[in-house]
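Subject: Structure handover

Hello,

Here is the structure we spoke about. Please open it first, then read the notes below.

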Amino acid sequence: MKYPEAVKIGDSLYNYFILWAEKKHVEEIGQTVLFTGKL
């Protein structure tokens with residue numbers, strides 16, 4: 001999922017949200033992700 005604006009984490013800018021998890025947990029975790037606004 002692309003962020004509306006790049007997000008800086010440490011010294012890096014990220015344009016996309018990436019969910020890393022074991023295959024069997026991705027859907028369950030993904031259903032709990034909520035975007036509420038700018039960080």
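The accessible surface of the chain comes to about 4,100 Å². Carbon and sulfur atoms hold 56% of that surface. As for extent, the C-alpha trace spans about 30 × 20 × 15 Å along its principal axes.

Next, the fold. The chain has 2 strands and 1 helix. Read along the sequence, the pattern is β-β-α. Strand 2 covers residues 12-16. Helix 1 covers residues 26-30.

How confident is the prediction? The chain averages a pLDDT of 83. At least 70 is reached by 92% of the residues. Confidence is highest in strand 2, at a mean of 93. It is lowest in helix 1, at a mean of 83.

Now the surface. M1, I29, V33 and F35 make a nonpolar patch of about 360 Å². V33 lies in the segment after helix 1. V33 has a relative accessible area of 32%, so it passes the area cut-off. That value makes V33 partly exposed.

Last, the charges. The chain carries 5 positive and 5 negative side chains. The centres of the two sets lie 5 Å apart.

Best wishes

Methods: Residues are numbered from 1 along each chain as its sequence is written. This is a predicted model: local features need pLDDT of at least 70, side-chain atom pairs count only at pLDDT 80 or more; totals for chains, interfaces and linings use all residues. Side-chain values use heavy atoms; hydrogens and water are left out. Helices (H or I, at least four residues) and strands (E, at least two) are DSSP runs, numbered from the N terminus. Accessible areas come from the Shrake-Rupley method with a 1.4 Å probe; for residues, only the protein chains shown count as cover. Lys and Arg count as positive and Asp and Glu as negative; His and the chain ends are not counted. The place of a charge is taken as NZ of Lys, CZ of Arg, CG of Asp or CD of Glu. pLDDT is the predictor's confidence in each residue, from 0 to 100. Patches are made of residues with over 30% relative accessible area and no salt bridge: like charges are joined within 9 Å, nonpolar side chains (Val, Leu, Ile, Met, Phe, Trp, Tyr) within 5 Å. A salt bridge is a side-chain nitrogen of Lys or Arg within 4 Å of a carboxyl oxygen of Asp or Glu. Buried means under 20% relative accessible area, exposed over 50%, partly exposed in between (1.4 Å probe, protein chains only).
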